[in-house]
Amino acid sequence: MVGLIDLVQTLTTPHPLDRYLELVSPALTARELRAEVTHVSHAVPGSVTLTLRASRQWRGHAAGQYVQIGVSINGVRHTRCYSPIDPESRGDRYIQLTVKAHPGGLVSNYLHEHAKPGMVVDLAPASGVFALPEPRPEKVLLVSGGSGITPVLSMLRTLDAEDYAGQVTFLHYARQPEMVPHRAELTAIATRRPNFRVEYRYPVEPGTVVNGETSTGSGFFDYDELERVAPWFADAQTFVCGPPPLMRAVQTIFDAEGLQDRVHSEEFTLTTVPADPAEATGTVTFSGSAVAAENTGAPLLEQAEAVGLTPEYGCRMGICFSCTATKVSGCTRNLRTGELDADPDKQIQICVNTAVGDVDIAL
Amino acid sequence: MTILTEGKDGPVILTPEQVEEFGQALDALRARIDADLGERDRDYIYKIIKTQRGLEIAGRGLMYLGFLPPFWLAGVAALGVSKILDNMEIGHNVMHGQYDWMRERGINSREFDWDTVCPADQWKHSHNYMHHTYTNIHDMDRDIGYGILRIDEGQKWNPYYLGNPVYAFLLMVLFEWGVMMHDLEADNIIKGKRKWSDLKPLLKGQARKAGKQVLKDYVVFPALTGPLFVHTLAGNAAANVVRNLWTFSIIFCGHFPAGVQTFTKEETEVETRGEWYVRQMLGSANITGSRLFHIMSGNLSHQIEHHLFPDLPANRYPEMAPEVKALAEKYGLPYNTGRFSKQIGSVWAKIFALALPDSLVKRAPKPGVIVMRNRKATEVGV
Ligand code: FES
């Protein structure tokens, strides 16, 4: 197959074959991975569940890993990471994603409003070390909060699909019961399997009745809660994903118990734009060279040179694109237009962009 | 600082404040277009790409009927137009980073390569950086004569230039190869200003790229038409030449017709942004024409707008042009434009005239720019 593609690419040179195929149909590609939306469900308010059919280059995901989805919004392609929620290695090319529409979240809102069957999105192979290990641990504790449910849901469903015989506890924090995606399925799993325990918490003041369900415990994660839902936690592998306060609470307890190597976590972070973008704060990291320095507010090209790096450049005034580098994370400001950009993994011209707060450049 | 432009009615004097204002007006225009980029531009470039790919496939297909002259001609035409679109409205503009904001893999200045023998990275250096930063500055912008021709009076005459029209003709026919060699600066090697060892990586890149292009057009596609090998080979060569004649002509109309100005290093040392804009404006020339003509020229018929805003999508130049022209009028700056026949005629007239020593030709009235510098470095900003 690969040999054949190379042969055909001799004819399409200098353009890759995919640049022709995508004009016929966006989901038809020889090399690049894409996916077509086959089903859209809005079962949970404020979030959308998409079923995608990946192109034949898809190699599957391990439970807990994430994929990158790329969609074009007003002419610009934006990519975001989401964790598939379906069990791993189903041997087919279907992936399910549940996307919560965050306020101000460009891609999540777009998908929430505009995703329809037939829509084709870019897809990157599954990656991330936050995954259920092989062989499976003897006991598993899964803790999640809000939209952090997605990777652990995949883990839970995988264990279910594998008729896992060990102990599993799934503890999820949400605002209200109806905000929990795939609640019916979670309940079904818990009913079906006596060794699976599924618990929800709606952290309000303890004892408050929320929509007919009484919140137990303190409502927030603490040692007592841990003892109650998974007294065997010291012998388990624990996987946590959720907002920073939850992650910190879990980490603190496991650190105190000396169990830091038994807890695995993944944080869902959103870059926020600082109040005054003109103020030079934060640290500029050049991760490719493992150097970092305080942000001076100067163009990033100058900041790189100041720490002894020699990035490629030409005009130094934003016209030749010689200095383009990848901004891994953080927010940058275009010195010509004043435009702010907080998208991760974006190509920027470092001669006319500066850092707003912490920024990581792959140089 | 004062910029003095010799207009028809005598010199035009711009105060530093006026230059500054002029620059700000252009920055504002830029910001407005920048903020408006979106779906429409994406649709446009994809439509052009689709058209180009369609014509390419049609051209290759028609070669299977290449034994019939009308089909052979149609094939050459389709393939020629496909290559022109690929090189101009798509390649040139995409590699300028004009569509980088879309973040599409296929139309991104980092990844795109075009259907000519010149490797993208070398062209981006000689063109995007050298030519666009140092536009029309002698000894900096190597597009002044390409190290081969005498195209400006500022280049000192010597007997070698008697062959000027011949060199220009050869450059036109073999233009893609000329563009490929551009970054080598062969003339500087002869003059001893450049070491042979500098060339090694460049030559390697050229061999790789040109090898693939030659294999495709002159071996594989002809072979795929079996007994029509020679017909197809000739057809593909003809399409490449058609593209060469056209791109050469359009590109030479951009900076070399009468009335375009060149500069010296001293004049242009440490420019303000406003001064940079003024130089880009004085150093470029437009061609008037229909919408189709503009598309076929990659909108380099809007060379002035392109030089002021090299990284804005070219399909926006037509809508920016009236505003740029009005600004030029407001400040009394020349806005060099004219029909294709007028501009290309003036280019060739220059090529012929400059073949001869200055004593034999009447000097064309030269709109000179005098830049008087008495500024502190701190006043200078990008
Ligand atoms: S150095 Fe030319 S764009 Fe940055």
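The conversation below sets some structural terms against their definitions.

Guide: This is a predicted model, in which local features need pLDDT of at least 70, side-chain atom pairs count only at pLDDT 80 or more, and totals for chains, interfaces and linings use all residues. Residues are numbered from 1 along each chain as its sequence is written, chains are lettered from A and ligands numbered from 1 in the order in which they are written, and side-chain values use heavy atoms, with hydrogens and water left out.

Visitor: How do you know that strand S12 of chain A pairs with S13(A)?

Guide: Two strands pair if DSSP finds at least two bridges between them, and five bridges join S12 (residues 237–242) of chain A to S13(A), with the strands running parallel. In S13(A), Glu266(A) is the bridge partner of Cys241(A).

Visitor: What makes S9 and S13 of chain A edge strands?

Guide: In the open sheet of five strands, the order is S9-S8-S7-S12-S13 (chain A). S9 (196–201) and S13 (263–267) each have a single partner strand, so one side of each is left without a neighbour in the sheet.

Visitor: Why is H1(B) called roughly antiparallel to H13(B)?

Guide: The axes of helix H1 (residues 16–36) and helix H13 (residues 317–330) of chain B come within 11 Å and cross at roughly 170°. Angles under 35 degrees count as roughly parallel, over 145 as roughly antiparallel, 65 to 115 as roughly perpendicular and the rest as oblique, so H1(B) is roughly antiparallel to H13(B).

Terms used: Helix = DSSP H or I, 4+ residues; strand = E, 2+ residues; numbered from the N terminus. Axes fitted to C-alpha atoms, helices over the stretch in contact; angles between N-to-C directions.
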